[in-house]
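Dear colleague,

Please find the structure below, handed over for your reference.

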Amino acid sequence: FNKSIEESRNAGDKNGDAMTVAERVQRINMHHTLNVYNSTCVGLFERHKLLFSLQLCFNILRGEGNIPRDEFEYFCFGGGMIDQKNQRPNLCKEWMTAVTWDRITELEVLPRFGGLIDNIEENECWK
């Protein structure tokens, strides 16, 4: 901890100018995040390191506001219950299962994924 504080005091940009407080805080946070990652990975089995990395990455991105909450929850928990009465018919039945179609129609509700079904139906590259 002390090392990161000292380094942030002595560090500047390439011109030798002093860093702002925000830059110092960011550098300290990055240093501590890397140290937490490295220290934690020492005690993890190899197969668990990727999951820990993903969790750490998601938390950083969510903290920066780069992943909307609804998208994050969809990724973690999947979509909710599908009302199949209002669901578009699956025009890709020959290569897409009903469960996959349900997930895609639920995913399309999220703003960034609007138009996904049209794109899948129109483009052969999805097969």
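Leaving aside neighbours within four places in sequence, Ile117 is in contact (heavy atoms within 4.5 Å) with Arg88, Trp101, Ile104, Thr105 and Glu108. This is a predicted model, in which local features need pLDDT of at least 70, side-chain atom pairs count only at pLDDT 80 or more, and totals for chains, interfaces and linings use all residues. Residues are numbered from 1 along each chain as its sequence is written, and side-chain values use heavy atoms, with hydrogens and water left out.

Ile117 also belongs to the largest nonpolar core, which has ten residues, among them Tyr74, Trp101, Ile104 and Leu116. Helices α5 (98-107) and α6 (116-122) each supply at least two residues of this core. Such a core is a set of buried Ala, Val, Leu, Ile, Met, Phe, Trp, Tyr and Cys residues joined through side-chain atoms within 4.5 Å. Buried means under 20% relative accessible area, exposed over 50%, and partly exposed in between (1.4 Å probe, protein chains only). Helices are DSSP runs (H or I, at least four residues), numbered from the N terminus.

**Gln87**

Gln87 lies in the loop between α4 and α5, and counts as buried because its relative accessible area is 17%. Its side chain makes polar contacts with the side chains of Asp102 (2.9 Å) and Thr105 (2.9 Å). A polar contact is a pair of N or O atoms within 3.5 Å; within protein, one must be able to donate a hydrogen and the other to accept it, and residues adjacent in sequence count only if both atoms are side-chain atoms.

**Phe75**

Phe75 is found in helix α4 (residues 69-77) and counts as exposed, because its relative accessibility is 53%.

Yours sincerely
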